Structure formats: C-alpha cells, structure tokens
Amino acid sequence: MLVRADLNVPLEDGRVADDTRIHASLPTLRYLLEEDATAVAVCSHLGRPKGPDPAFSMDPVRNRLRELLPDERIEVLENTRFDPGETRNDPAFARRLAEGRDLFVEDAFGSVHRAHASTVGVAELLPAYAGLLLERELEELGKLLGEVERPFVLVSGGAKVEDKLGVLRNLGGKADTVLVGGKMAEELREGSPLGFPVELPTDVVAAAAFQADAETKVVPYDALPDGWLGLDIGPESREKFSAEIAKAKTIFWNGPMGVFEWPRFAEGTKAVAEAVARAEAFSVVGGADSIRALNELGLVDKVSWASTGGGAALELLEGKELPGVAVIPAAS
C-alpha cells in the first residue's frame, strides 16, 4: 500500500531539526503494520526543490522515521517534488507512484489543499482512504466551523493580512473577540477590509533596525520613532491579550505576535502561547510558527489540538474545498 504522509520537516546540518510531523504520522503507520500490512511505502514532499537536489533528499527523514518505527516493512520513497509531474498532478507520475500498490491512504493534512499527483492523482487510481491524522484534523478543525462555546477568541498574527484574510472573514465574524498582532496589525491600522472590530496592540517593542541585537525600547504604537520598526507587541498589549484569552471557552490561534525567532522579540508570542495553554477552553493552534513556539515552550500538549497543517488549515477554516480530501469519498 501507499501512504501519503506529511514529512516536510526542517533540516539542519543534514539532520531533522523538528520531528513533530514525523511523530504525527506514526499512529496511522503503526495501525497499518498492526493490521498485518505486508509492505507500506510512504511518500512525501520536502521543501520546494525544482528537481532532484541532494539538499532536499529524504535520507534524514528516512533515518529518523526508522529510529522511531524500526520495521522493515516501511519504505520511504524519495522526495515527490523531485519529479516535475508532482505539482502538475501528472497522470504518468501518479501511475508510477501507484504501480504495485493495492490501496492508498491519505494522511498528509498539510498537503491536501494542493491538487498534486501524490495527493489527488494517486487517489483516483487506487481505493483511497483517510488516515488517522487526516480524520482527526478534519474533526478538530471542523468544530470551529459549527456552534462553539463562548466567548470565542480568535488570535491572529504574522506578516500579511492577505494570507489570513479568508479565515478572519469566515471565523472572525462569529468570534466574540479578534486579537491581531505582528505586522498584520500595522496593515489593519492603515485600513481594515474586515466588517467587524479587532483588538490591536496599544504598545510595541520598537527596534532601531531589523536586527536581532538592535537597540530597542517600548513605545505606544503611534509613537514609533522615525525609521524604527515594531518587532513585537509590548507589555501592555501582552497583558490585554492574555486577559482576553483567559476569558475564552473557544480559541483559535494562528501566527506569531512578532519576530519571535529572535529572543528579544519573542515575549509577545510567548505570552500568547502561555495564555492559550492556561485557558480552560477548547483551543486549536495552527501555523508552523505558532506550533514551533508551543514546542519550544513545552506547551504543545497543553492545547486541545495542534494542527499539522498551515495553509490547509487556513483554507479549511476559510470554507474552501480541499482537493486531497474531496477525492476520498469517506472523508469529504
């Protein structure tokens, strides 16, 4: 059988730097092995190579998966994006992936928003089923689209409003409170395309330059010195955001509050992560940066659901059809 997993993990010095997605793939693989599968071929993309590229080889991922699940029946295929037919959903490449396989299991939630050969093409050739992770993602994220317990607080951050606009419009309109940080907040201040109010930072951690060790000071959002940049929400905003999150019974958080990769500008994201983890609420966190923040703080197990899908989660919550889900009758 063929399993499409999401093994698109960060690499550093030829090793897996964060194996969260590999761990997330294990329940489905273990289930198949326990059900006496004779052979399980696992395929995934890794990065965005334009063709075969040793820097994006699946070898480090293959090695880590074998450490976590040492079973000779598991085979990890090479990066699907090494073949140009992958992103074109080329029938010939789909047939090569399907050759010799008796069924297909789609478990890569993080990729089902793309109509690629390994997510859609293969599912049109073989009996196709949803894996345990895909089913759980659809179930947990789907709860946000129905009736939710209130207050419902939506927390959004990151660099661009346009990346989150669909979700903000679809979910934000039903939320009781919408908190926005990061560069997105500056864009919304200049002119909001949303038809409802949002809570924006009242103060920021300003930096003299876009540098990890730049001179900093906390200033009101409207008193940013000329040439300076707001790289994190300030302490007053952290307190206000945390207080709103504490009241919530339902939470969706996607996106950092600043340049959290640099420790001096990570306090806002840390404050939100800790508030979400403490809240007595159904909490869903999505997006690679937000999940990374939870992992670094050891809080990922303190939220109700940490989604493995970035773009896929946003498109689902925006109300869009996911091609890799629609092609599986039992999942759509």
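Which residues of α1 are buried? In this predicted model, the buried residues of α1 are I22, A24, S25, L26, T28, L29, L32 and L33, where buried means under 20% relative accessible area with a 1.4 Å probe and protein chains only.

## Basis of the description

The model is predicted, and local features need pLDDT of at least 70, side-chain atom pairs count only at pLDDT 80 or more, and totals for chains, interfaces and linings use all residues. Residues are numbered from 1 along each chain as its sequence is written, and side-chain values use heavy atoms, with hydrogens and water left out.

## Helix α1

Helices are DSSP runs of H or I with at least four residues, strands are runs of E with at least two, and both are numbered from the N terminus. Helix α1 covers residues 20-34, and its 15 residues should span 21 Å at 1.5 Å a residue, which agrees with the 22 Å between its end C-alpha atoms; the expected span is 1.5 Å times one less than the number of residues.

A kink of about 35 degrees lies at L26, shortly before the proline P27, the bend being the angle between axes fitted to the seven residues ending there and the seven starting there. After α1 comes D36, with a positive phi near 70 degrees.

## Nonpolar cores

A nonpolar core is a set of buried Ala, Val, Leu, Ile, Met, Phe, Trp, Tyr and Cys residues joined through side-chain atoms within 4.5 Å. The largest has 52 residues, and L2, F109, V122 and F252 have the most contacts inside it. Apart from this core lies another, of 25 residues, among them F260, A279, L299 and V303.

## Two buried loop residues

P201, in the loop between α7 (183-190) and β10 (203-207), is buried with a relative accessible area of 3%. Leaving aside neighbours within four places in sequence, P201 is in contact (heavy atoms within 4.5 Å) with V180, G181, A185, R189, Y221, I233, S237 and F241.

T308 lies in the loop between β15 (305-306) and α11 (311-318) and is buried, with a relative accessible area of 11%. Not counting residues up to four places away in sequence, T308 touches D6, R21, A24, F109, G110, L133 and E137.

## The largest cavity

A cavity is a set of points, on a 1 Å grid over the protein atoms alone, where a 1.4 Å probe fits but cannot get out, and lining residues have an atom within 4 Å of a point. About 40 Å³ of space lies in the largest cavity, which is lined by L154, V155, S156, K164, V167, L168, F252, N254 and L314. At least two lining residues come from each of β8 (152-156), α6 (161-172) and β13 (250-254).

Methods:
Buried means under 20% relative accessible area, exposed over 50%, partly exposed in between (1.4 Å probe, protein chains only). On a 1 Å grid over the protein atoms alone, a cavity is a set of points where a 1.4 Å probe fits but cannot get out, and a pocket is an open set with protein on both sides within 12 Å along at least five of seven lines; lining residues have an atom within 4 Å of a point. Grid points are joined across faces, edges and corners, and a volume is the space filled by probe spheres set on the points.
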